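Trainee: Could you take me through the salt bridges of this model, looking closely at where the partners sit and how accessible they are?

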Amino acid sequence: MTNYLQRGFETSEFEHRTARAQKVMHEMKLDAMIFTTEPNVRYFTGFHTQFWHSPTRPWFVVVPAEGKPIAIIPEIGASGMAGTWVENIITWPSPRPEDDGISLVASALNSLPCRHGRVGATLGIESHLRMPVNNYLKLTTMVKKEFVDVSLAMHELRQIKSQAEIEKTREICRITNIGFNKIPDYARAGMTEREICKQFRIDMLLEGADECPYIIAGSGPDGYDSIIMGPTDRVIEEGDVLIIDTGAVRDGYFSDFDRNWAFGSASEETKAAYRATYEATTKGFEAARPGATTTDIYNAMWKVLEANGALGNDVGRLGHGLGMELTERPSNTATDNTVLKPGMVMTLEPGMVYAPGKSMVHEENIVITEDGAEWLSERAEPELIVIS
C-alpha cells in the first residue's frame, strides 16, 4: 500500500503523466512539448527545488511524442535532476547570456522525429514562459518546427489529480485546519494582524507544513474591505472582524482556504452575512459533481448570496482549481463552463459585499469524486466564532 505521506512520487506517477501528455500530443499532432516553468517541470520530472526563487537561469524540459522527458538545464542542477526518473540530462554553464541553453534546446527539438513539424509551448491562458522573450523568439527561428499553444491542454492534464496528489492536498489541508483551530486560543483584541498571523504560521510549520507563502489578513470594525492585503500592524479592537486566508504547502501541494472571527461582538448583519456564505458553500458542494460545470457551482452559490442581499462580488469568481499552485484553472464563474471530472481539486469561495465597505468571504477545499464531491478541508463552524 502506498504511503501518501512519503515525499515525492513513485516513478509510475511520472510515467502515467508523460503517457497522458503524449496522448494529447498525438491528438494535437505535435512532435514534442517544451516546458519552462517550475510547476510544469516538476510535474513531468519530480525535480523539486527552492532554487526557482532565483530568476537568473532558465530551465527547459522537452517531452517528446515518444519516450521519456529530456532535461536541458543549468549544470548547477545536474545532480538534483539525476535523482529523478529522467535519464537524458543536457547541461550548460549558466548564466551564459550569449546562449543560455537556446542552442541546446534547438538541437534537442531538431533531433526528434519530424512527423508533424509542430512543437507545443505554454503561450496562452494563465501561463507564461520563464525565459527571456528574445530567447524564445530566437528559438522559434532555430527550430525547424512550428510553435503552437498548449497552455489549455496542459491545464486540463494537471486538473485531473491522481490519488497520490489528492492525498498530498488532504494532508496540507489537515495541517492548515489545525493552525486555524488554534487561533481562538491565543488571538485577542490588542494584538496586531501580523502577530496573530505569525503564530498561525508557526503552528502550521510545527504541524508539518514546509512553508506558508500565502497568509493574508484583513480586519475592521464589524467587517473588512479587502481579502488580498496584509497582514499589517493594525491592532485588533473589540468589535472587529478578522479574516485570514492562507495557502500553505507540504511536498509541493497547496491548501487554500480562509476563516473569519469576531472579537467581543458582531452585528446581526455581519453574522447573517457569515451564515449566507456558509450556506452558499453548502449549495456549491451539492452542485459539485461529475458532469456538472464550474458555472453550475457558481450559480448555486451566487443564488444564495443574492437572496441574502449581496450588493456585489468584487472577487470575480467564487473559487478555482488547486494543486501545485495556489490557484489553478478552472474558475467558478458565470461563463467558465468547465465540465467537472473525478480527480479535480477545487476551492469553493463564495464572497459578497453585504454593506458598503464590508465583505464576507468563505472558502473550503474539495475534490470531485465519481459520484459527487468530498471535503478536503474540515468545514468551518456554521456560525461566526466570537472571541471574547
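**Salt bridges and their surroundings**

Mentor: Glu 13 and Arg 17 are both buried, where buried means under 20% relative accessible area, exposed means over 50%, and partly exposed lies in between (1.4 Å probe, protein chains only). The model is a predicted one, in which local features need pLDDT of at least 70 and side-chain atom pairs count only at pLDDT 80 or more, while totals for chains, interfaces and linings use all residues. Residues are numbered from 1 along each chain as its sequence is written, and side-chain values use heavy atoms, with hydrogens and water left out.

Glu 13 and Arg 17 form a salt bridge with their closest N and O atoms 3.0 Å apart, the term meaning a side-chain nitrogen of Lys or Arg within 4 Å of a carboxyl oxygen of Asp or Glu. Because they are four residues apart in helix H1 (residues 11-28), about one helical turn separates Glu 13 from Arg 17; helices (H or I, at least four residues) and strands (E, at least two) are DSSP runs, numbered from the N terminus.

A second salt bridge joins the side chains of Glu 207 and Arg 174, at 2.9 Å from N to O. This pair links distant parts of the chain, with Glu 207 in helix H8 (residues 193-207) and Arg 174 in helix H7 (residues 163-186), 33 residues apart. Glu 207 counts as partly exposed because its relative accessibility is 29%, and Arg 174 likewise counts as partly exposed, at 35%.

Across the whole structure, the search finds 24 salt bridges.
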